[in-house]
Each structure stands twice: as structure tokens, then as C-alpha cells.
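Colleague: Could you walk me through how to read the features of this model, one at a time? I would like the general idea and then the case at hand.

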Amino acid sequence: MKYDFTFYNPTRIHFGKDAMQKLPEELAAYGKNVMLLYGKGAIKRIGLYDEVVKVLTECGKNIVECGGIKPNPSYSQVLEGARLVRENDVDLILAVGGGSVVDCAKAISVAAYVEGDAWQKYWVDFEPFSGRVVPVASILTMVGTGSEMNGGSVITNEDVMIKEGRVFPPEVYPKFSILNPEFTYSVPHIQMVSGIFDIISHLCEQYFSGDDDNVSDYLIEADLKAVIRNARIANKDPQNYEARSNIMWASTVALNRITGLSKTQDWEVHGIEHQLGAYTDCPHGLGLAVISLPYYRYIYRYGLHQFVRFAKNVWEVDPVGKTDEEIALAGIDAMEAFIEEMGMPKTLRELGATEEMLPLIANSVEEGGGYHTVTHAEILEILKACF
Ligand code: NZQ
Ligand code: ZN
């Protein structure tokens with residue numbers, strides 16, 4: 001373990017079919033005013049909205065409703081939520097939904113009592129977080145982001161066409177998260193596979209950097225294998241509890257910091273995807289899947305040893321008779337075959353991008369990387385390769 005670290009994750013996880021039974025005892029720790037934050041309506045269709053309202057009412061809470069949070073949540077929605085928090089003296093923000101709703105809850109939490117403009121302060125200037133936090137908790141209905149157990153909050157500012165992620169410190173993490181895999185059964189297939197690739201991408205982006213013998217790399221390989229195996233089962237049988245529950249927990253583990261400890265990391269695929277999302281509003285994980293293939297086919301030569309390891313340990317590529325380069329490329333080919341098997345798109349065009357957008361996207365991404373730092377010109381070539 002080359003680099004020192006401090007690890008602390010305060011989120012209490014209640015996992016399983018009966019996890020909702022823990023909600024009343026969790027709610028008891030907070031005051032009367034609970035903001036119920038949710039998306040465009042999925043939780044109403046699956047009956048979860050009624051279930052949550054019933055528990056909140058039985059626990060004597062005043063419900064402050066804030067629905068309609070859009071996928072890839074916008075800063076204007078954050079400001080609206082922050083206003084409601086102040087006006088109603090909210091004691092707890094309960095996010096019920098996918099990563100977008102949970103991310104938005106954290107953003108509302110830090111924006112409610114901020115001095116100055118939260119966007120400028122936290123998503124542009126990246127000032128260290130300080131100030132009052134309104135506690136956040138989540139009931140997760142869509143798997144992939146890991147937002148239920150981390151400080152991430154990815155917000156789109158539509159005025160400036162920037163989608164930016166900020167990682168807040170542990171006081172902003174959800175205080176508790178309820179993870180019932182059955183709540184994810186109703187997620188449409190395309191969103192399910194989007195979430196699955198989001199997990200894979202989080203793991204890859206922590207993996208493809210560094211050259212030491214790091215425990216995190218072994219954990220990542222194991223988590224990737226669990227995701228791939230269970231994704232194949234869920235792809236054919238979406239109501240398979242074992243598969244959906246394994247994917248759900250694999251997702252939480254993939255981005256609660258544990259798999260990235262003591263590692264340099266390469267978040268360039270996410271950086272590019274976020275700007276793709278700012279321009280197209282596409283599902284996050286699908287954007288990652290499209291970008292990953294040309295990105296890794298471009299940078300593998302700079303970190304060949306790790307791409308060889310990835311091919312052998314994750315995709316079980318047979319190395320016999322192959323050069324290292326051939327093994328590495330066979331690993332990326334195996335990832336491409338998996339993307340096809342899951343029915344994910346492989347071009348930016350399918351995600352709503354136009355040719356005119358490509359330079360705008362490329363130039364608005366920060367240049368960065370792990371084994372190799374990609375420039376704006378190289379990012380543009382990567383985008384063209386998957387257009
Ligand atoms: O809006 P509703 O009605 O809730 O519908 C949602 C939405 O249309 C639907 N859905 C969710 N649960 C459902 C369901 N439909 C039926 N049944 C259910 N049980 O799925 C759609 C997508 O939901 P969303 O929350 O947008 O998806 P996801 O969880 O992938 O979140 C994506 C956002 O998280 C950010 C992404 O950039 C994106 O903005 N990320 C957050 C991260 C973090 N906090 O650490 C890291 C990630 O890398 C990511 O960037
Ligand atoms: Zn992601």
C-alpha cells in the first residue's frame with residue numbers, strides 16, 4: 001500500500017427484503033420536518049411512495065414534498081429544494097430514488113444554508129466544505145452510482161452546460177440508506193444495464209492507475225467478477241433476487257471508497273461522460289460504456305501490465321500463445337462483447353449526440369488521466385472513434 005490514507009464511512013446500511021422495517025427507528029433520531037425528495041414518478045408507480053408516506057405519518061413527521069427531480073439533476077432544482085428546506089426548517093432530507101435523487105439531496109443539504117452561491121463555491125471553485133449540513137438519508141430504487149454510501153453529488157448547471165461532480169466529506173454522506181433489492185425490479189432494462197456499466201466503470205477507473213501490489217486491485221477484480229456474473233443472470237432473469245441483490249451490494253462497495261484506498265485513480269472516462277451528459281442528458285452508465293472502449297483502446301499501451309492483469313483475472317482471457325499486447329486487447333474485446341450481450345448502445349449517435357457537439361464536449365472536459373494524460377485533441381479523437 002504505497003500511499004497513506006484515512007478511511008471513515010459513516011453511512012449505516014440496512015440491506016435486504018425487510019430493510020424498510022428499520023425506517024421508524026432511524027427516523028426517531030430526527031426532528032419533525034422531513035423532506036421527501038423523489039424523481040419523476042417511479043416510486044409512485046411501484047407503491048413505495050405510499051409505503052414511505054405511511055411510515056412518516058405513523059412516526060408523526062410533517063412531510064415536505066419535493067418531487068420531480070430529473071435524472072442528471074439540475075442546479076435550479078437544487079436551489080428550489082434548498083429554499084423549501086429553509087422555509088420549512090427541514091430536519092432530514094429523505095431521498096427515495098436513484099443516484100440522481102440521492103445526489104440532489106446532498107446538494108440541497110449543502111446549499112440550504114450556504115453563504116454565497118453553492119455552485120460557484122463547491123462545484124466550480126471546489127472550496128473545502130464548511131457550514132451547516134441538513135442530514136440526508138436514502139431509500140435506493142436504482143443501482144449503480146454508489147451515492148447511497150458516499151459523498152458524491154453530480155449536478156448539471158444548465159445555464160453554463162456543465163455537469164460537475166463534487167465529493168463531499170463524511171458529514172454529508174447519507175446517515176443511513178435502505179437497500180431492498182426488490183425495489184429495483186421495476187427499473188427498465190436499459191436503466192438496469194446503465195447502472196451495471198456505471199459500477200464496472202467505477203471499478204475500472206480506480207483500477208487503471210498505479211503499479212504497486214495493492215489490496216484494492218484484488219478487491220476490484222473480485223467485485224468486477226461478481227458484477228459481470230450476476231449481470232448475465234439478471235439480464236435474462238431480472239426478477240432473480242440473488243442476482244439483483246449481488247449487483248446492488250457490488251455497486252455500493254464499488255464507490256464507497258474502500259476499493260480505491262491507497263490508489264492513484266483515473267476518472268477521465270467519467271469526466272468525458274459528464275460533459276456528454278450535459279449536452280445530451282443521456283443515461284450516465286450508457287455514456288460510460290460507449291466512451292470506455294475507445295478510451296481504453298487508446299491508453300492501454302501506457303499501462304500494459306494492468307491491462308494484461310485485467311484481461312486474465314477479470315475476463316479470463318487465455319494468455320497462451322499471445323503477446324502482452326494481444327492479451328490486453330483481448331480483455332478490452334471481452335468487455336465489448338459484454339456490452340453487446342447486455343444490449344447497451346455502442347455509439348454516441350445512439351445517445352443523442354451530434355457531430356457538432358463533439359468539439360464542444362471535448363473542449364469542456366478537463367484534461368487528465370492515469371497512465372496517460374489525454375489532451376483536448378485526444379479526447380476529441382476518442383469521441384470521434386465512438387460517434
Ligand atoms: O425519475 P424517476 O421516476 O425516479 O425514474 C428514474 C429515472 O428515470 C428511474 N428509476 C429509478 N428507480 C426506478 C426507476 N424506474 C423504475 N423503477 C425503479 N425502481 O431510472 C431513471 C434513472 O434514475 P437516476 O437516478 O437518474 O439513475 P442513476 O442511479 O444512474 O443516477 C445517475 C446520476 O448519478 C450521477 C450521474 O452522473 C447521474 O447524474 N452519479 C453519481 C455518483 C455519486 N454520487 O458518487 C457517481 C456516479 O459516477 C454518477 O456520476
Ligand atoms: Zn458513475
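Colleague: Let's start with helix packing. At what angle do α10 and α11 pack, and how far apart are their axes?

Modeller: Two packed helices are described by the angle between their axes and by the distance between those axes. Keep in mind that this is a predicted model. Here α10 and α11 pack at an angle of about 130°, and their axes are 9 Å apart.

Colleague: What is the handedness of the crossing of α10 and α11?

Modeller: The crossing of α10 and α11 is right-handed.

Colleague: Now salt bridges. How many salt bridges does the structure hold?

Modeller: The criterion is a side-chain nitrogen of Lys or Arg within 4 Å of a carboxyl oxygen of Asp or Glu. The structure holds 15 salt bridges. One of them joins the side chains of E316 and K225, at 2.8 Å from N to O. This pair links distant parts of the chain, 91 residues apart: E316 is in the loop between α12 and α13 (324-341), while K225 is in helix α8.

Colleague: Is E316 buried or exposed, and what about K225?

Modeller: Buried means under 20% relative accessible area, exposed means over 50%, and partly exposed is in between. E316 counts as exposed because its relative accessibility is 57%. K225 has a relative accessible area of 34%, so K225 is partly exposed.

Colleague: Which residue forms a salt bridge with R297?

Modeller: That is E336, and the closest N and O atoms of the two are 2.6 Å apart. R297 lies in helix α11 (residues 284-299) and E336 in helix α13, so the pair ties together parts 39 residues apart in sequence. R297 counts as partly exposed because its relative accessibility is 27%, whereas E336, at 17%, counts as buried.

Colleague: Which residues are linked with R297 in a network of salt bridges?

Modeller: The network links R297, D333, E336, E340 and K346. Within it, E340 forms a salt bridge with K346, with the closest N and O atoms 2.4 Å apart.

Colleague: Next, contacts across the sequence. How far apart in space are I299 and Y371?

Modeller: Here you set the separation along the chain beside the distance in space. I299 and Y371 are 72 residues apart in sequence and 7.1 Å apart from C-alpha to C-alpha. I299 is found in helix α11 and is buried, with a relative accessible area of 0%. You can read E80 and I108 in this way too: they are 28 residues apart along the chain, and their C-alpha atoms are separated by 8.4 Å. E80 is placed in helix α4 (residues 75-88) and is partly exposed, with a relative accessible area of 35%.

Colleague: Last one, the surface. Which residues make a nonpolar surface patch?

Modeller: M1, F5, F7, V215, L219 and I258 make a nonpolar surface patch of about 500 Å². Patch residues need over 30% relative accessible area. I258 has 32% and is partly exposed; its place is in the loop between α9 (241-254) and α10 (268-280).

Technical notes
Residues numbered from 1 in each chain as written. Chains lettered and ligands numbered in written order. Predicted model: local features only at pLDDT ≥ 70, side-chain atom pairs only at ≥ 80, totals over all residues. Heavy atoms only, no water. Patch = residues over 30% accessible without salt bridge, like charges linked within 9 Å, V, L, I, M, F, W, Y side chains within 5 Å. Areas by Shrake-Rupley, 256 points an atom, 1.4 Å probe, with all protein chains shown as cover. Helix = DSSP H or I, 4+ residues; strand = E, 2+ residues; numbered from the N terminus. Buried < 20%, exposed > 50% of the residue type's maximum accessible area, 1.4 Å probe, protein only. Axes fitted to C-alpha atoms, helices over the stretch in contact; angles between N-to-C directions. Left-handed = near helix turned anticlockwise from the far one by under 90°.
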